[in-house]
Amino acid sequence: RPAGVPFLSSPAGVLHEVWTDHFSQSAGVFGFTLGQIRGLLDATRHAVIWLQIAHEGQEYGLPHGAGIAGFGLDPAHLIIGRTRSIADLLWAGEEAAACPAVAAVIADIGRPHKALDFTASRRLGLRAEAAGASIFLMRYGSGREASAASFRWRVTPEASAAMPFDSRAPGRARWQVTLEKGPGRAGGQTGGDTWTVDWTDNGFALAPTGNADDRGAALPGAASAALADRLPETA
């Protein structure tokens, strides 16, 4: 793992706020959150609870199993819950975090809610600390109340790098991430610390800089049958 990027191994049992400027970038927020959660899973804590208000879910949709698997999580271990109100969601989040099999709780909150104020977020943070399961508040836009989250991430999806041997294929997920609040921040920066990161098989990694073409050489001749699952890379 690259040195100097503290969020590659964020601690368990804390409250995170992960936000972006607009709901159209919500998939990037969800992907980054899943990447954070991957490092929290172990043999004892292997369940992830994803919570959403029911009427908002009709507009926002549901997670996709194949996409979840791409971040190293077993879709069978994701439990989806929909509540009638923000008050029910906050209660469910606290109760879910107390379960010893739960590694993380995701609260997908699309719109600002007065009930999710500093006091409510403080309760979530205390429950996460006591239970050892992290809670992630996914939020969109600037109309948010103050939060007691230990870490606050501003996430913006970025264009991915070209795939090896096929520049037209979609590459690995990439984000620009700013740590606006948290122990890893550099004390002299008022705007937060910003990185561009890629998702890899081993977790987050700093995105390459410069204009170097790292796509590598094409495979000589026809691809063997053993490489059938890599046809987009060898065509």
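How many aromatic pairs does a search of the whole structure find? Ten. Keep in mind that this is a predicted model.

1. Start with Phe-32 and Phe-204. Phe-32 belongs to helix 1 (residues 26-38) and Phe-204 to strand 9 (residues 203-206), so to speak a link between distant parts of the chain, 172 residues apart. Both Phe-32 and Phe-204 are buried.

2. Next, have a look at Phe-71 and Trp-199. The planes of these rings make an angle of 45° and the centres are 5.2 Å apart, so this pair is tilted too. Here again distant parts of the chain are linked: Phe-71 lies in the loop between helix 3 (65-69) and strand 3 (78-83), while Trp-199 is in strand 8 (residues 193-200), 128 residues away. Phe-71 and Trp-199 are both buried.

3. Phe-32, Phe-71, Trp-199 and Phe-204 are part of one aromatic cluster, along with Phe-151, Trp-153 and Trp-175.

4. Finally, Val-14, which you'll find in the segment before strand 1 (15-20). Why does Val-14 count as buried? Because its relative accessibility is 13%, and buried means under 20%. Beyond its neighbours within four places in sequence, Val-14 contacts Ala-128, Ala-133, Ser-134, Ile-135, Ser-150 and Phe-151.

How values were computed:
Residues are numbered from 1 along each chain as its sequence is written. This is a predicted model: local features need pLDDT of at least 70, side-chain atom pairs count only at pLDDT 80 or more; totals for chains, interfaces and linings use all residues. Side-chain values use heavy atoms; hydrogens and water are left out. Rings of Phe, Tyr and Trp (its six-membered ring) pair if their centres lie within 6.5 Å; planes under 30 degrees apart count as stacked, over 60 as edge-to-face and the rest as tilted. Helices (H or I, at least four residues) and strands (E, at least two) are DSSP runs, numbered from the N terminus. Buried means under 20% relative accessible area, exposed over 50%, partly exposed in between (1.4 Å probe, protein chains only). Contact means heavy atoms within 4.5 Å.
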